[in-house]
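Here is a friendly look at a few side chains and the contacts they make. Please have the viewer open as you read.

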Amino acid sequence: MFTNYQRQQERTGQYGTSRQQYLQKQKKRLLQTWQTLLMIHIIILSCARLHNRTKREAYGIWNWRHLQFLYPANAAIITQCGGIPLVIKCLSSPVRNTVNYALGALYYLCNKSNREEILKPEVIDVIERYAAAQTVNASFSNLAKAFLDKHVS
């Protein structure tokens, strides 16, 4: 449990990662995770504002599941709360599920009122790269192609 500099050198090896480098990588990883969770939290909170009103309009859980993505006010609230840049930032996440969720969220969020914010050249470039990466990740590719078909073509 206790160690000293010489013991750390022996465990790390000549070409290993130093403790400082390891901690920096962990810090970066934690920061990325925190940013992703913050983005998801903002989206959930903004959608929760509509929860009660929309739930009253839905006649069952099946309808509620569909309305939560099709209800246009959700996109407006996420846009007003500054959520779109956070979703876009998640396109470069090292966590695959985060990228999938970001692609799906942008697919549903993109509308006439926020097209300019979402359809920036740098965002389209990233999405086009995901669309072309069929052999790397079919899920990314399929979501990206659907996004491009619906919003860019």
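## A buried asparagine

N137 has a relative accessible area of 12%, so this residue is buried. In this predicted model, N137 sits in the loop that joins α9 and α10.

The side chain of N137 has polar atoms facing two backbone nitrogens: that of S139 lies 3.0 Å from one such atom, and that of F140 lies 3.2 Å from one.

## Two aromatic pairs

A pair of aromatic rings is described by the distance of the centres and the angle of the planes. The structure holds 2 aromatic pairs. One of them joins Y107 and Y108: the ring centres are 5.2 Å apart and the planes meet at 85°, so the pair is edge-to-face. The other is formed by Y130 and F140, with centres 5.1 Å apart and planes at 75°, so this pair is edge-to-face too.

Where do Y130 and F140 lie? Y130 belongs to helix α9 (residues 121–132) and F140 to helix α10 (residues 138–151), so the pair ties together parts that are 10 residues apart in sequence.

## Buried or partly exposed

With under 20% as the cut-off for buried, Y130 is buried because its relative accessible area is 17%. F140 is buried as well, at 9% relative accessibility.

For the tyrosine pair, Y107 has a relative accessible area of 23% and is therefore partly exposed. Y108, at 41%, also counts as partly exposed.

Note on methods. Residues are numbered from 1 along each chain as its sequence is written. This is a predicted model: local features need pLDDT of at least 70, side-chain atom pairs count only at pLDDT 80 or more; totals for chains, interfaces and linings use all residues. Side-chain values use heavy atoms; hydrogens and water are left out. Rings of Phe, Tyr and Trp (its six-membered ring) pair if their centres lie within 6.5 Å; planes under 30 degrees apart count as stacked, over 60 as edge-to-face and the rest as tilted. Buried means under 20% relative accessible area, exposed over 50%, partly exposed in between (1.4 Å probe, protein chains only). Helices (H or I, at least four residues) and strands (E, at least two) are DSSP runs, numbered from the N terminus. A polar contact is a pair of N or O atoms within 3.5 Å; within protein, one must be able to donate a hydrogen and the other to accept it, and residues adjacent in sequence count only if both atoms are side-chain atoms.
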